[in-house]
Amino acid sequence: MAIISSKKQLSEIIISHPEVITLINRFGITLGVGDKTIESICTEKNLDYDFFVMILNTYINEDYFPEKILKSFKAQIIINYISQTYHYYTHYMLPNIERHFALLISHSGDNNNLELMQQFFIELKNDIIKAIDADCTQWFPYILDLEKNNNTKNTPQIKPKHNGSQIEDKIDDLKNMFIIHLTGKYELNLCYAVITAIIAFEKDFKQNNRIRNRIIPLIYDSLKK
Amino acid sequence: MSIEVHILTHDTTQRIGLKYILMEYFNIPSKTSTQLNIEQLGENPSSLFFVSPQCYIEYPDFFFPRKNRTIIISKSPIKDCLSIDVFSPESEIINQISFILESFDSSTDSTTSELSPREIDVLKLIAMGLINKEIADKLAISINTVLTHRKNISSKLGIKSVSALSIYAIMNGYISEKDLMR
């Protein structure tokens with residue numbers, strides 16, 4: 001797959017890869033991008049276009065992971081991006097699944113299995129919120145402080161509370177429960193809405209987790225030296 | 001179509017051991033014998049043969065055309081042949097058989113995706129929140145065996161987490177919601 005450059009029109013990218021709509025959104029870019037290039041849109045929005053392009057490429061192409069380039073960015077910019085992504089999860093993606101799940105149950109008659117699966121989704125959502133909270137209130141502030149002051153000799157070292165793999169497993173479980181094990185009557189369109197929202201979230205979470213787990217520890221190590 | 005397994009070896013321990021593992025962990029019954037009886041075997045394309053090297057050498061005309069369905073019982077791997085080391089630990093033998101069955105080109109999906117009665121027993125206990133040691137004690141099996149069952153259950157159902165397995169167990173009537181409260 002060809003690597004996207006900042007000279008490309010953003011509209012072309014969105015048309016070829018509509019899944020990036022959710023990604024550009026967390027950079028404050030909304031639809032109606034006209035024929036502007038990535039570089040000009042980023043300049044208008046005061047965004048670092050090198051960083052934006054790198055994230056765009058990482059998101060579209062699962063095999064693309066420019067470790068050296070990512071490492072060259074400041075911790076602040078990567079943590080800001082991950083925090084924005086977390087905000088997007090807690091304010092849009094998870095509530096969207098939740099809303100559709102509730103509608104699916106109310107339109108599917110008497111199907112206890114859906115209620116049990118919703119129960120599992122709520123547990124998963126709580127796990128995600130807890131993990132995000134640990135990052136945003138403990139680990140990220142510690143790294144930012146390290147970058148800013150480089151003086152944490154007297155403060156105890158804070159390590160990440162999780163690597164997200166258990167959450168990834170649970171998202172996969174939920175997806176498989178729908179695809180393999182769903183029984184009883186259900187409203188087809190709403191079921192489709194729930195499952196596509198879960199699949200989109202799964203892809204996003206895995207990509208974001210890849211950046212979180214592989215880059216932040218490297219930045220942390222270089223700050224410690 | 002279900003797999004038909006034949007175990008052909010003069011070694012009684014190997015015959016009994018393989019038969020037990022196939023039944024206990026894979027829910028696959030097998031026929032054992034010390035020698036080949038071609039007329040009895042018939043020509044079933046879903047037959048799988050576990051044979052000693054001696055037996056293989058005695059009947060090359062039979063086994064060579066069925067090479068992709070013949071597993072030679074041998075301590076070391078044999079070039080261009082499927083083989084199984086029955087001298088390795090039980091969990092390793094189970095893994096080897098699991099690999100052979102997965103790669104066996106036969107329409108056996110419906111059989112392998114169903115949980116065996118023993119796997120259902122383990123699933124019930126996992127769903128009720130018991131840890132591996134407790135499950136092993138309760139079913140009088142080793143922790144390694146519990147781990148193998150867990151691996152098989154997860155791979156058959158596509159479910160890894162305990163809470164999702166609990167939901168699956170309730171959905172399929174293996175436990176009730178009340179059972180979740182230990």
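These legends go with a handful of close-ups of the structure above.

This is a predicted model, so keep in mind that local features need pLDDT of at least 70 and side-chain atom pairs count only at pLDDT 80 or more, while totals for chains, interfaces and linings use all residues. Residues are numbered from 1 along each chain as its sequence is written, and chains are lettered from A and ligands numbered from 1 in the order in which they are written.

**View 1. Chain A is built from nine helices and zero strands.** Helices (H or I, at least four residues) and strands (E, at least two) are DSSP runs, numbered from the N terminus. The pattern along the sequence reads α-α-α-α-α-α-α-α-α. Along its principal axes, the C-alpha trace of chain A spans about 60 × 50 × 25 Å. Of the 225 residues in chain A, 24% are buried (20 or more other C-beta atoms within 10 Å of a residue's own, with C-beta atoms placed from the backbone).

**View 2. Helix 8 (residues 165-181) of chain A packs on helix 9 (residues 188-224) of chain A.** Their axes, lines fitted to C-alpha atoms over the stretch in contact, are 10 Å apart at an angle of about 160 degrees. The angle runs from 0 to 180 degrees between N-to-C directions, and over 145 counts as roughly antiparallel, so that's what this pair is.

**View 3. Strand 4 (residues 70-73) of chain B is covered on both faces.** B:Thr70 and B:Ile72 are buried on one side, B:Ile71 and B:Ile73 on the other. In a regular strand, side chains alternate between the two faces of the sheet. Strand 3 (residues 47-51) of chain B pairs with strand 4 in the parallel sense over three bridges; pairing takes at least two DSSP bridges. Here B:Val51 stands opposite B:Ile72. Strand 4 is also joined by three bridges to strand 5 (residues 82-84) of chain B, again running parallel, with B:Ile84 as the bridge partner of B:Ile73.

**View 4. Chain B meets chain A through 10 of its residues, which contact 13 residues of chain A.** The chain B side has six nonpolar, three polar and one charged residues.

Key: A residue is buried if 20 or more other C-beta atoms lie within 10 Å of its own, exposed if 12 or fewer, and partly exposed in between; C-beta atoms are placed from the backbone. Two residues are in contact if their C-beta atoms, placed from the backbone, lie within 7 Å. Ala, Val, Leu, Ile, Met, Phe, Trp, Tyr, Cys and Pro count as nonpolar, Asp, Glu, Lys and Arg as charged, and the others, Gly among them, as polar. Angles under 35 degrees count as roughly parallel, over 145 as roughly antiparallel, 65 to 115 as roughly perpendicular and the rest as oblique.
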